[in-house]
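Please examine the sequence and the structure shown below.

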Amino acid sequence: MAKERILKGIAVSKGISRGTVFVYETKEIQVFQTSIPGIYLEREIERFLGALEKTKQELNSIKERINAEIGSDFAQFLDAQVLMLRDREIIATVKKRIKEEEKNAEYIYHDVLDEYAKKLCASKDQYLRERVADIWDVGNRVLRNLLGLTHSSVVDVPKDSVLVAHDISPSEAALINPDNVLGIAIEGGGSTSHTAITARALEIPAVVGIENLMAKIGNGEKVILDGNRGILIKSPTPGRIQFYKGETKREIEYQKMLSPYCELPAKTRDGRQLDISANIEFFVEYVHAKKYGAMGIGLFRTEFLYLTRRGNPSEEEQFRVYNELAKKMKPDPVIIRTYDLGGDKIFSDYHEANPFLGWRAVRVCLQDLNFFKIQLRAILRASVNRNIRIMYPMISTYEEIKKANAVFAQVKQDLTKEKVDFDDHIQVGIMVETPSAALISSHLASQVDFFSIGSNDLTQYVLAVDRGNERVSHLFDHFHPAVLRLIKQVIDAGHKAHIWVGICGELAAVPLAIPLLIGFGVDELSMSPVAIPKAKMVLRALTVPECEEIAKEALKFRGAPEVRKYLSRMISKKFPSIEGIK
Ligand code: PEP
Ligand code: MG
């Protein structure tokens, strides 16, 4: 029997799957050179143009399918690919060279694309370099059509497969059929890669960044993919299979037990209503938000609109997404966070020594007002639905809010002049996620309609611990008294100024934190959709006075371990037998 082997990667989509490996290889297409007699050159050019047209039709029908099944923002990258097909320079060069060199279309086209891709590879601009995959994605489609080959596509993956690939192109990722693909394991990629985003949206467990994966695994092998721990287990032992069977069964039973909570109101035992909303990265996730019982979108991380297409999204493209989301969620509110890329997440040549302390989010927007205004216009136009709210990330000074609000007022004026309708009473809020914003929140509160506490960044900045660095992850703790005191301070400052205060960092979904946050008086908890039923279950078992008591006590401790121990004791009194509640 083959020896069990554990391959480690990065967990990007939760869940466990057991299946058979389907190795997806994008095979190199073999292109041969042949001479074409002069009288047939026009026909050769027609053949080339016909292949382009056929490819365009294929891409359009894929786009229609994706639009219908998962949502229009998913399909945007296909527009970029259709544009590549229409690239006049490439078409003109191919036509010219076929005539001059009297060679076959596939040979010339392959050569032209190769030169083009090499130029992009040599570019200093990382974004352009990353477009090479798109070029070959489209180019190979055209070549297959020229050569009369069938398309090898992820659509062909058989049932009960764990899809293994070096990488998957954006158009392929969007074609994955969740009925057949139980899990995804990828050699390359990071947590914001197209594959990771798609896997999460389709709720398929996925692990990326597994070193040398393709050399270590073969077609037909039996594997277990653990998307919670970020591992792929090759030839699992009977003991391991048994363990995961148990874990899957427990997970199913647990989800079954939780499912009634999707429908139940988010009310404490003594009747205090809280807003529980969803954090989403992608338009399509509104489906999950509704399924798990969210009362709105508390955080739409719009940066994924910028990460999934060529160049920045236009006003029109953004408007379509915001408008569609607002319509789908109506009458529930949708909080759109403005651009939060920068530092480590931006596609640019601009390297910084400390990206998290650098040119990021609202700082970028306030330096490039034209860029900022495009997004503000799109959000305002979509606000005709009367359920949109806007939120600025990474605010660290009072002046930043004043400036952002002034730009917003200017955009409103422009739209009024243009006779474009929008919600003049749109709520404007900020994320409180820097220590400076938290400390001066009483001043900031006068300028906004709400606060949403970003506990991920707040913890990172308060504790001086990089949230993505494994070496210091033991120091990253939301329950550090310094973080908790600041959260309490922000909630108090908001309430004193009569504005509502929510929390949209990961802490909002931690069951241990829920009594504490209710005790602090938080109005809204926003979290990933799947966490909502558990959060409702916890808060429905609590009363406000007992939460206030717990919060008061918790603030007396000196360190996170003591806080956690105390909260664990408190919560296990309520849920003595429920596993995984912590
Ligand atoms: C946060 O910082 O807590 C937050 C919700 O924003 P992000 O995780 O997108 O930085
Ligand atoms: Mg943040």
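What covers the buried residues of helix 23? In this predicted model, the cover includes helix 10 (238-258), helix 11 (260-263), strand 9 (275-280), helix 22, strand 16 (524-527) and helix 25 (560-574). Helix 23 itself spans residues 532-540 and is mostly covered, eight of its nine residues being buried. The buried residues are Ile-532, Pro-533, Lys-534, Ala-535, Lys-536, Met-537, Val-538 and Leu-539.

The axes of helix 21 (residues 481-496) and helix 22 (residues 513-520) come within 9 Å and cross at roughly 35°, and the crossing is right-handed. On the side of helix 21, the residues that meet helix 22 are Leu-484, Ile-487, Lys-488, Ile-491 and Asp-492. Their counterparts in helix 22 are Leu-516, Leu-517 and Phe-520.

The largest nonpolar core holds 105 residues, of which Tyr-322, Tyr-392, Phe-451, Ile-487 and Leu-525 touch the most other members. Helix 16 (residues 369-382) gives the most to this core, contributing seven residues. Apart from this core lies another, of 51 residues, which includes Ile-90, Val-142, Ile-168 and Ile-184.

A pair of aromatic rings is described by the distance of the centres and the angle of the planes. With ring centres required to lie within 6.5 Å, the count comes to eight aromatic pairs. In one of them, the rings of Phe-300 and Tyr-322 have their centres 6.3 Å apart and their planes at 85°; the pair is therefore edge-to-face. Because Phe-300 lies in strand 10 (residues 297-301) and Tyr-322 in helix 14 (residues 315-329), this pair ties together parts that are 22 residues apart in sequence. Both Phe-300 and Tyr-322 are buried. Phe-557 and Tyr-566 form a tilted pair, with 5.4 Å from centre to centre and 45° between the planes. Tyr-566 is buried, its relative accessible area being 8%.

The charged end of Arg-381 sits over the ring of Phe-319, at 4.1 Å from the ring centre.

Technical notes. Residues are numbered from 1 along each chain as its sequence is written. Chains are lettered from A and ligands numbered from 1 in the order in which they are written. This is a predicted model: local features need pLDDT of at least 70, side-chain atom pairs count only at pLDDT 80 or more; totals for chains, interfaces and linings use all residues. Side-chain values use heavy atoms; hydrogens and water are left out. A nonpolar core is a set of buried Ala, Val, Leu, Ile, Met, Phe, Trp, Tyr and Cys residues joined through side-chain atoms within 4.5 Å. Buried means under 20% relative accessible area, exposed over 50%, partly exposed in between (1.4 Å probe, protein chains only). Helices (H or I, at least four residues) and strands (E, at least two) are DSSP runs, numbered from the N terminus. Rings of Phe, Tyr and Trp (its six-membered ring) pair if their centres lie within 6.5 Å; planes under 30 degrees apart count as stacked, over 60 as edge-to-face and the rest as tilted. A charge sits over a ring if NZ of Lys or CZ of Arg is within 6 Å of the ring centre and within 35 degrees of the ring normal. Axes are lines fitted to C-alpha atoms, for helices over the stretch in contact, and angles run from 0 to 180 degrees between N-to-C directions. A crossing is left-handed if the near helix is turned anticlockwise from the far one by less than a right angle, and right-handed if clockwise. Contact means heavy atoms within 4.5 Å.
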